[in-house]
Amino acid sequence: MDLLSLARAVKDRAQEPFTDLAAMARIVADPRLPLLLVLNRTLFTPLYRASFLAAAAGSGVLRCMASRPCDLESLAEHLGTRPEDRQRLRAWLDIGVRLGELDRREGCYRLKSRTAKALAQVANDAVAAALEELLRFHVPALRDAPRMLKDGSRFELSDQDGLVIARSSLVVRGFVEDAVARTLPRTTPVRLLEVGCGSGTYVRYAAGLNPRLTALAVDLQAEVAEQTAKNMAQWGLADRVETRQGDLRTLDLQPQFDVVTLHNNIYYFPQEERAEVLARARSFLAPGGTLLVTSSCRGSSTLGLEVLNLWFEYAGFGGPLPREDELLDQLREAGFDGVRATRALPGQAFRAFVGTNSATGPVGSLPVRTATTPTNAEEAAS
Ligand SMILES: C[S@@+](CC[C@H](N)C(=O)[O-])C[C@H]1O[C@@H](n2cnc3c(N)ncnc32)[C@H](O)[C@@H]1O
């Protein structure tokens, strides 16, 4: 090496630390960096956590780990993962470890965070399903709204997963069961029609309250009705509850029911059709029978309900959550008497709407008031 090259090499080496420091200073002074760091903490990581937990809960992975630590093989078997995809399963699980939701020791994965442990519990299934609903359906409503406005597209019922919704709607179980308990006659034989029965949980609850109750449980979505039928068999109710796939709007039934219930589904019908839909529900009621509609209503400060409302605003079927006064008017328009709304807790968005079918004639004629004989519902209330 000649003298000149040697001098250059020494100079370069001596300058290197200064160059690094200058580059670091430039990077750190980048005005976008603080924003990125804040977003990483407040948005990105919670979103990653929520997505991971929703998928781990929905796929049953959390439930598997709740009973014992699981190795990759047993989780792969549970998920039906092909041998060539085991490495990809490991990559996903390792992100769960990185997020602090899972732990990996001695080749086994186990639950680590309190949230993961809570979501793994059977008793919290509705909450786990609500998290899945939020990520799979609420997030697309927020994310896709501008595009949908542009191309005019709408959500369809098939964009929902009926089985997930049937589980997540049980987050309001306490409210619905309270309304059923207030409405249902306990001692006389009762014929119940439940429309949009979802999991069938409330038919089961009603059957538990009244041992002489028999029911027809109907749901529009075939896979939901199928699951309801399985649930009824598992709950030992198959001989008391008939389950059918069907649409309230086209059901062909006699006015044979003492009670008709619609829980958490009035917003599956367009606002302008609701009075007609309710009149149809009335047509299945025997004279003196009771309709019970339960629903979250608009005007609450619950953000989740507002986003649910948004989803239905963007749907090609259904409509917004009802307003209390609006639904009361529609019940009256449908020919119900003694129409009222109650709520279990003050300040809550959830309401129970009750109306009586006093009419003895066919629906479409003016309701005939025969209010002197107590209805089954009045018996329940007394
Ligand atoms: C949000 S889920 C509620 C399920 C259940 N009632 C509950 O509260 O857990 C609404 C259900 O109503 C059903 N549904 C919607 N429109 C219907 C219709 N026209 N006839 C029968 N069922 C309907 C849907 O298929 C869905 O399962």
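**Exercise 1. Determine which elements cover the buried residues of helix H14.**

Solution. The cover of the buried residues of H14 includes H12, strand S8 (285-296), strand S9 (337-342) and strand S10 (350-357). Helices (H or I, at least four residues) and strands (E, at least two) are DSSP runs, numbered from the N terminus. Cover is judged by contact, meaning heavy atoms within 4.5 Å. The structure is a predicted model, in which local features need pLDDT of at least 70 and side-chain atom pairs count only at pLDDT 80 or more, while totals for chains, interfaces and linings use all residues. Residues are numbered from 1 along each chain as its sequence is written, and side-chain values use heavy atoms, with hydrogens and water left out.

Next, identify the residues concerned. In H14 (residues 324-333), Glu326, Leu327, Leu328, Gln330 and Leu331 are buried. The term buried means under 20% relative accessible area, exposed means over 50%, and partly exposed lies in between (1.4 Å probe, protein chains only). Finally, look just past the helix: Gly335 there takes a positive phi of about 100°.

**Exercise 2. Describe the largest nonpolar core and the contacts of Leu278.**

Solution. First, recall that a nonpolar core is a set of buried Ala, Val, Leu, Ile, Met, Phe, Trp, Tyr and Cys residues joined through side-chain atoms within 4.5 Å. The largest such core has 48 residues, of which Leu193, Val260, Leu262, Leu278 and Leu291 touch the most other members. Helix H7 (residues 125-151) gives the most to this core, namely five residues.

Second, list the neighbours of Leu278. Leaving aside residues up to four places away in sequence, Leu278 touches Ile266, Leu291, Val293, Leu327, Gln330, Leu331, Ala334 and Phe336. Leu327, Gln330 and Leu331 are also among the buried residues of H14. In soluble globular proteins, nonpolar side chains tend to be buried together.

**Exercise 3. State whether Glu132 is buried or exposed, and list what it touches.**

Solution. Glu132 is located in helix H7. Its relative accessibility is 11%, so Glu132 counts as buried. Beyond residues up to four places away in sequence, Glu132 touches Ala54, Gly58, Phe137, Val164 and Arg167.

**Exercise 4. Characterise the surroundings of the ligand.**

Solution. By class, the shell has nine nonpolar, eight polar and three charged residues. Here Ala, Val, Leu, Ile, Met, Phe, Trp, Tyr, Cys and Pro count as nonpolar, Asp, Glu, Lys and Arg as charged, and the others, Gly among them, as polar.

Then examine individual atom pairs. A backbone N or O atom of Gly196 lies 2.7 Å from a ligand nitrogen atom. A side-chain N or O atom of Asp219 is 2.6 Å from a ligand oxygen atom. For Asn264, a polar side-chain atom is 2.7 Å from a ligand oxygen atom. On its own the ligand has 600 Å² of accessible area (Shrake-Rupley method, 1.4 Å probe), and the protein covers 98% of this area.

**Exercise 5. Compare Asn264 with Glu106 in backbone angle, position and accessibility.**

Solution. Phi is positive in both residues, near 55° for Asn264 and near 50° for Glu106. Asn264 lies in the loop between strand S7 (257-263) and helix H12 (274-283), whereas Glu106 is in the loop between strand S2 (102-105) and strand S3 (108-111). At 9% relative accessibility, Asn264 counts as buried; at 79%, Glu106 counts as exposed.

Methods:
Near = heavy atom within 4 Å. Polar contact = N/O pair within 3.5 Å; in protein donor to acceptor, adjacent residues only side chain to side chain.
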